[in-house]
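I opened a new notebook page for this one. My plan was to look up a few features one by one and write down what I found.

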Amino acid sequence: MRTLFQRVVVAIVSTIVVATAGALGGYVLGHAYALRQTESRLDQYANRVLLETIASTSESRAMLETMNGSPYQLCSDAEIEYFRQLIFQSQYLKAAGRMRNGQIECSTTSGRNPLAVTRYSPVMARQDGTRIYKNLAPFRVDDQSVVAVQLGESFIVYNPYNFASLAAPPMHFTATAIDAPRHRMGQMIGDSPIVPENILTREVKANVGNTLYATRCAKDSSGCLTAYISMNDALAMNRKYSMVFIGLGAAFGAIFGLLCPMLYSRNKSVEQQLIRAIRADALSVVYQPIVELSTGQIVEAEALVRWTDEYKNNVSPDVFVKIAEEKGFVGEITRLVLRHALRDFGATLRARPSFRININIAAADLADSEFIPMLDKQLNEAEVSPRNLGVEITESYTARQQVARNTILRLRQRGHYVAIDDFGTGYSSLAYLHDLSVDAIKIDKAFTKAIGTDAVTVSILPQILTMAETLGLRVVVEGIETKIQADYFAASDQDIHAQGWLFGRPVPARVFLQMLDEEEARLTKQAEEEFPSGAIVVTS
Ligand code: C2E
Ligand code: MG
Ligand code: MG
């Protein structure tokens, strides 16, 4: 039997192991969940920045068209003032002005430029006629280049802080201008990462290298926005999810770990062990002699099943036969015992027609239509007569059910000896015994035990004996341990059979057969002593 300490150790170890596995599982799940969360946040972020970029682009486009339709003379004070008012009302623009041949002629910030000598070239020229500049030095803010767009002779400069306000570290973004689907012109705004080319212009969510990307493109195919984040930042951002998952994984693991020993011991439950033992033919059968009380000679044997469980405990048949009955597989025990008994005693039974082996059968056997055919088959195979095989049926089984009575009748018709076991403990009544056609009653050992005391059970014994005699039933007395008990029954003039430790304990077949041989040798010797060979016996 596993000690309490061993069980506790098993419980702790399995809890730790499974909780660790759970935590690892939680980590993997948490990791996956955190990535999913980041992907979705990145996607939302790309979308938000894209919408903002589209809004600023459409404002700049409208602004440029308004400027080109200016009613004032080019770069006049009135026009510069007009542009300043327009810029003042705009949301995304920092400055505006006029530009011809790449030269700035006037702007809202510097006014008219009398020395427009620097010639700027655009970084991109779009099909809609706009040209993009990133190098207009006069408009640099905090030493950062700004994005300017020219249409016709007007240009606008974006406020670089528009995009700064979109920053949401640790996420980054980059806006890519395209002139046809999937055709990249150049970077407009944002950080300049080494973003894989195909991710810049295609709506995808991707995990490349150690970075997560999400790209969203404008419907008019003017540009795409790629948001990205390093994997480390992504996981750090969602660490709480990982922690929650790890915690949950460990908790579930711990619960499961605690359940494991229970599941294990369930698997090791008596029922499961018993089923395994029966299937493996690991039950054994011992045989206890039943003697003729008047002579002490062995005339029968009772087959008793034995089982040592997986923890090396000897489990009492009172316990495990009951479990098998409750769980509906006691028939398998009966079959096993019969097989063993016929294997162990086949030859003896064929050689000694007067000797008998009795097996115990259960209520379920009596109700099982396969029982008698099974009995016949095994007896045929062993070439043993039904006369040499008796059955013992506990009184309570037989009391009420008609089907039990019918089976008993059939057994007796076939020549089997049928005894009512543990007689006196159940529903015995004279009428009941009258109805039931049996050969013998086995008086329960509780009565035997009471001999020599003034218990009520003792006072019933003479009545039982008389009743049995009247009904022509043999009496077998169980549990005889002392000479006093044996003498009590020997005083009766009935031919009583007795079973008990006084005559022999249940023993393996080999020992029993040896006992039989020794007894035979003793009887032969006795006979020879009484009637020496050659002696003439004269009878008057
Ligand atoms: P049972 O059929 O009444 O068997 C007699 C029981 O009394 C046996 O217990 C036997 O070992 C015990 N016994 C014999 N002589 C003495 C004695 O002098 N003193 C005492 N105190 N006990 C004695 P066991 O083997 O433990 O079996 C208990 C019960 O389990 C049996 O009672 C029977 O009802 C059941 N059983 C045993 N083997 C089988 C089997 O193969 N099939 C079925 N269905 N039941 C079985
Ligand atoms: Mg019995
Ligand atoms: Mg009994």
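**Entry 1: a helix.** At which residue does helix 9 bend? I looked it up, keeping in mind that this is a predicted model. The bend sits at Phe345 and comes to about 60°. Next I checked the length of helix 9, which covers residues 330-351. Its 22 residues, at 1.5 Å a residue, should span 32 Å.

**Entry 2: the disulfides.** I turned to the cysteines. A disulfide is a covalent bond between the sulfur atoms of two cysteines. How many disulfides does the count come to? I noted 2 disulfides. Counting bonded cysteines along the chain, I wrote their pattern as 1-2, 3-4.

I took Cys75 and Cys106 to begin with. A disulfide joins them, with 2.0 Å from S to S. The angle about their S-S bond is -85°, and I recorded the link as left-handed. This pair connects distant parts of the chain, 31 residues apart. I located Cys75 in the loop between helix 1 (4-68) and helix 2 (77-89). Cys106 lies in strand 2, residues 103-107. Are Cys75 and Cys106 buried or exposed? I found both of them buried.

Then I went to Cys217 and Cys224. Their sulfur atoms are 2.0 Å apart and form a disulfide. Why is this disulfide right-handed? The torsion about the S-S bond of Cys217 and Cys224 is about 105°, so I logged it as right-handed. Cys217 and Cys224 are both buried.

**Entry 3: a magnesium site.** Which residues are the protein donors of the magnesium ion (ligand 2)? I listed Glu302 (OE), Asn360 (OD1), Glu392 (OE) and Asp421 (OD).

Asn360 is in strand 16 (residues 356-361), and Asp421 is in strand 18 (residues 417-423). They are 61 residues apart, so I marked them as a pair that links distant parts of the chain.

Last, I checked accessibility. Asn360 has 30% relative accessibility, so I put it down as partly exposed. Asp421 has a relative accessible area of 5%, and I put it down as buried.

Definitions and conventions
Residues are numbered from 1 along each chain as its sequence is written. Chains are lettered from A and ligands numbered from 1 in the order in which they are written. This is a predicted model: local features need pLDDT of at least 70, side-chain atom pairs count only at pLDDT 80 or more; totals for chains, interfaces and linings use all residues. Side-chain values use heavy atoms; hydrogens and water are left out. A disulfide is a pair of cysteine sulfur atoms within 2.5 Å. Helices (H or I, at least four residues) and strands (E, at least two) are DSSP runs, numbered from the N terminus. Buried means under 20% relative accessible area, exposed over 50%, partly exposed in between (1.4 Å probe, protein chains only). The expected span of a helix is 1.5 Å times one less than its number of residues. The bend at a residue is the angle between axes fitted to the seven residues ending there and the seven starting there. Donors are N, O and S atoms within 2.8 Å of the metal (3.2 Å for Na, K and Ca); water is not among the atoms, so sites may look incomplete.
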